[in-house]
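Me: I have a model open and want to learn how to read its features. Can we go through them one at a time?

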Amino acid sequence: MNTQKKRKRTALYSVGAAAILAATLSMSTAMAATLDTSWKEATLPQVKAMLAKDSGKVSGDTVIYSGKTVHVVAASVLPGFPFPSFEVHDKKNPTLEIPAGATVDVTFINPNKGFGHSFDITKKGPPYAVMPVIDPIVAGTGFSPVPKGGKFGYTNFTWHPTAGTYYYVCQIPGHAATGMFGKIIVK
């Protein structure tokens, strides 16, 4: 390969790496400005108790919530390794139906040792890029720390949605692009 082709290839690699870095930095900066959650640790019995507090009812591939206050408990999972997903009521990436005007209390659990995740809500639907810059995020967790020492990471947030279609997504690069997302219908 001649020197000119080598320089051109090196320049393309540099531009690509710079674009990925810029996308990552802009994504985390945007998320830091809009999301304020504190991550906590839990044991397996505590996680099981949290999962039992989800107030939805399963109907097919949909979890239906009712009332003025609903409690959604979602967990990140790796059921089809290597592609992660979310689970709510033992359903992989279910559609969530929530009444408009409800107060939505969300608990997100990250049991994955070695992987961070996020549970963020947006109006932007799929498809998602490998390096997602999903804007705007209307509510969510931001990036989780990686759970350590036999513990599970979790956090909570409250959302007051208006009627419409939303999506819950993981913004870790590659996760939403490989299927770590689901739909939320608020009506």
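Me: What should I know before I start?
Reply: This is a predicted model, where local features need pLDDT of at least 70, side-chain atom pairs count only at pLDDT 80 or more, and totals for chains, interfaces and linings use all residues. Residues are numbered from 1 along each chain as its sequence is written, and side-chain values use heavy atoms, with hydrogens and water left out.

Me: Where does UniProt place the feature "binding site"?
Reply: UniProt positions are given in the numbering used here, feature names are shortened, and annotations may be inferred rather than shown by experiment. The unreviewed UniProt entry puts "binding site" at His117, Cys170, His175 and Met180. They spread over 64 residues of sequence but cluster in space, with a largest C-alpha distance of 9.7 Å.

Me: In which loop is Cys170 found?
Reply: Elements come from DSSP runs, numbered from the N terminus: helices are H or I with at least four residues, strands are E with at least two. Cys170 sits in the loop between β12 (164-169) and β13 (181-186). Met180 is in the loop between β12 and β13.

Me: Is Cys170 buried or exposed?
Reply: Buried means under 20% relative accessible area, exposed over 50%, partly exposed in between (1.4 Å probe, protein chains only). Cys170 has a relative accessible area of 0%, so Cys170 is buried. Met180 is buried, because its relative accessible area is 0%.

Me: Which residues is Cys170 in contact with, leaving aside its neighbours within four places in sequence?
Reply: Contact means heavy atoms within 4.5 Å. With those neighbours left aside, Cys170 touches Phe86, His117, Ser118, His175, Ala176 and Met180. On that basis, the contacts of Met180 include His117, Cys170 and His175.

Me: What about Val169: buried or exposed?
Reply: Val169 belongs to strand β12. Its relative accessibility is 0%, so Val169 counts as buried. Beyond four places in sequence, its contacts include Phe86, Ser118, Ala176 and Met180.

Me: What volume has the largest pocket?
Reply: On a 1 Å grid over the protein atoms alone, a pocket is an open set of points where a 1.4 Å probe fits, with protein on both sides within 12 Å along at least five of seven lines; lining residues have an atom within 4 Å of a point. Here the volume is about 220 Å³. Elements giving two or more residues to its lining are α2 (44-51), β4 (69-80) and β5 (83-88). Among the lining residues are Val47, Leu51, Glu87 and His89.

Key. Grid points are joined across faces, edges and corners, and a volume is the space filled by probe spheres set on the points.
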